[in-house]
Amino acid sequence: KIEDGNNFGVQIQEQMKGMVSGGQLSAQDFLRNVPKFHTLRAKLISKIMKYPNLMDYKKSIIELDYKQMICLKHCLRDLRNNYWILYDVLNKNWQKIVKPKGDKNTTFSIYKC
């Protein structure tokens with residue numbers, strides 16, 4: 001639950017929410033492109049079957065696979081980095097995340113009863 005207010009704990013909660021959303025969007029973008037990759041690869045293979053003596057189509061499949069591998073590495077690296085940053089910030093600020101406004105029982109007052 002994200003509290004209302006303008007303090008450090010709330011800012012950390014908002015930052016964590018943004019990082020999780022960013023990582024999720026990055027992974028979803030990659031997953032959306034997987035069917036496009038397979039469709040394009042299938043078209044290239046059908047061209048190879050139709051024109052077996054042309055080496056250009058074989059090279060294009062190799063280049064397409066290499067490009068997909070680089071995109072996958074990039075996506076996984078982003079996810080890894082996001083999760084490590086999340087883990088680090090969560091460990092350092094756990095109390096502020098759990099209770100962003102602090103304990104309500106520990107109020108300071110001039111008058112003690």
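What is the volume of the largest pocket? It is about 270 Å³. Before I continue, a word on the basis of these values. This is a predicted model, in which local features need pLDDT of at least 70 and side-chain atom pairs count only at pLDDT 80 or more, while totals for chains, interfaces and linings use all residues. Residues are numbered from 1 along each chain as its sequence is written, and side-chain values use heavy atoms, with hydrogens and water left out.

A pocket here is an open set of points on a 1 Å grid over the protein atoms alone, where a 1.4 Å probe fits, with protein on both sides within 12 Å along at least five of seven lines. Grid points are joined across faces, edges and corners, and the volume is the space filled by probe spheres set on the points.

The lining, meaning residues with an atom within 4 Å of a point, comprises 14 residues in the largest pocket. Nearest its centre lie Phe-30, Asn-33, Lys-67, Gln-68 and Cys-71. Two elements give two or more residues to this lining, α1 (8-50) and α2 (55-92); helices are DSSP runs of H or I with at least four residues, numbered from the N terminus.

Cys-71 leads me to the cysteines. The whole structure contains zero disulfides, a disulfide being a pair of cysteine sulfur atoms within 2.5 Å. The sulfur of Cys-75 is 9.1 Å from the closest cysteine sulfur, that of Cys-71, which is too far for a bond. Cys-71 is partly exposed at 35% relative accessible area, whereas Cys-75 is buried at 7%. For these classes, buried means under 20%, exposed over 50% and partly exposed in between, with a 1.4 Å probe and protein chains only.

I turn now to the aromatic rings. Rings of Phe, Tyr and Trp (its six-membered ring) pair if their centres lie within 6.5 Å; planes under 30 degrees apart count as stacked, over 60 as edge-to-face and the rest as tilted. The count comes to two aromatic pairs.

In the pair of Tyr-51 and Tyr-57, the ring centres are 6.4 Å apart and the planes lie at 20 degrees, so the pair is stacked. Tyr-51 is partly exposed at 36%, and Tyr-57 is also partly exposed, at 23%.

Trp-84 and Tyr-87 form an edge-to-face pair, with 5.8 Å centre to centre and 90 degrees between the planes. These two residues are three apart in helix α2, and therefore separated by about one helical turn. Trp-84 is exposed at 55%, while Tyr-87 is partly exposed at 48%.
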